[in-house]
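Let's take a friendly walk through a protein and the molecule it holds. Have the sequence and the 3D view ready as you read.

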Amino acid sequence: MRRRVAILISGRGSNMSALIEAARARDFPAEISVVISNKPDAAGVARARAAGVAVEIVESRPFGRDRAGFEKALQAVLDQRSVDLVCLAGFMRLFTAGFVQRWHGRMLNIHPSLLPSFPGLDPHGQALKAGVKISGATVHFVTPDTDAGPIVMQGAVTVKDDDTADTLAKRILDVEHKIYPAAVRLVADMRVRIDGERCMIEGADTDGATMVAPIV
Ligand code: GRF
């Protein structure tokens with residue numbers, strides 16, 4: 001049976017669209033049961049509706065600092081839709097430890113850096129400032145700490161000397177759109193086992209690859 005996925009968004013929703021697109025494939029082991037936005041005017045809301053996916057708005061603003069109250073409303077929608085797996089995709093709201101615990105091993109996030117480097121805000125600016133030659137994106141299970149948790153998949157890009165945060169973000173976003181659906185496929189296929197702070201991936205190609213930057 002296909003796993004039932006909820007995608008949580010707050011903004012433009014390009015990762016959401018990549019997941020919706022991937023889930024159209026007949027052999028994809030998950031279906032997008034609902035897109036939930038905490039912002040009624042998020043661009044991703046219109047994109048999801050245009051794609052024919054069910055959308056629910058669970059506005060966070062009225063709850064102010066009452067995070068547990070917001071989560072109760074969110075959980076009600078997740079229950080109603082019998083959701084198995086939650087995918088955060090540009091969802092700009094922190095959860096309580098209790099909510100994270102409840103979804104342990106069933107909630108994924110994507111972050112545009114090679115974690116554990118550059119968690120939090122402005123990861124692209126952080127990468128440029130640090131002068132790294134390779135950056136990328138990470139799909140990981142959500143734990144109470146922000147942008148931490150067992151890593152399912154990463155994708156890397158080279159960083160150019162003349163990159164700006166915008167040009168780097170664009171290159172990384174292309175990778176995000178590849179690895180998020182691939183990671184969801186792995187998780188939904190039950191090929192990912194959480195072992196402490198790491199994920200073990202069943203049947204992964206162990207040959208490995210090397211990436212060198214800059215090429216000189
Ligand atoms: C992405 O860069 C994602 O990694 C980060 O927020 C951004 C969301 O972009 N968590 P989009 O809404 O998926 O286009």
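## Meeting the ligand

Which atom of the ligand lies 2.6 Å from a polar side-chain atom of Glu176? It is an oxygen atom. Keep in mind as you look that this is a predicted model.

The side chain of Ser14 has an N or O atom that is 2.5 Å from an oxygen atom of the ligand. Asn15 takes part through its backbone instead: a polar backbone atom of Asn15 is 2.8 Å from a ligand oxygen atom. On its own, the ligand has 360 Å² of accessible area, and the protein covers 84% of that.

Around the ligand are Arg12, Gly13, Ser14, Asn15, Gly90, Ile110, His111, Pro112 and Glu176.

Two elements each give two or more residues to the shell: helix H1 (14-22) and strand S5 (107-111).

Why does the ligand lie between domain 1 (1-103) and domain 2 (109-209)? Both domains give residues to the shell around the ligand, so the ligand lies between them.

Now let's follow the backbone. Most peptide bonds are trans, and most residues other than glycine have a negative phi.

Leu115 and Pro116 are joined by a cis peptide bond, with omega about 15°. Pro116 belongs to the loop between S5 and helix H5 (123-130). Phe118 is also found in the loop between S5 and H5. The phi of Phe118 is near 55°, a positive value in a residue that is not glycine.

Where else can you see a cis peptide bond? One joins Ala213 and Pro214, and its omega is about 0°. To locate Pro214, look in the segment after strand S9 (198-201).

Conventions: Residues are numbered from 1 along each chain as its sequence is written. This is a predicted model: local features need pLDDT of at least 70, side-chain atom pairs count only at pLDDT 80 or more; totals for chains, interfaces and linings use all residues. Side-chain values use heavy atoms; hydrogens and water are left out. A residue is near a molecule or strand if one of its heavy atoms lies within 4 Å of it. A polar contact is a pair of N or O atoms within 3.5 Å; within protein, one must be able to donate a hydrogen and the other to accept it, and residues adjacent in sequence count only if both atoms are side-chain atoms. Accessible areas come from the Shrake-Rupley method with a 1.4 Å probe; for residues, only the protein chains shown count as cover. Helices (H or I, at least four residues) and strands (E, at least two) are DSSP runs, numbered from the N terminus. Domain bounds come from an automatic or database domain assignment.
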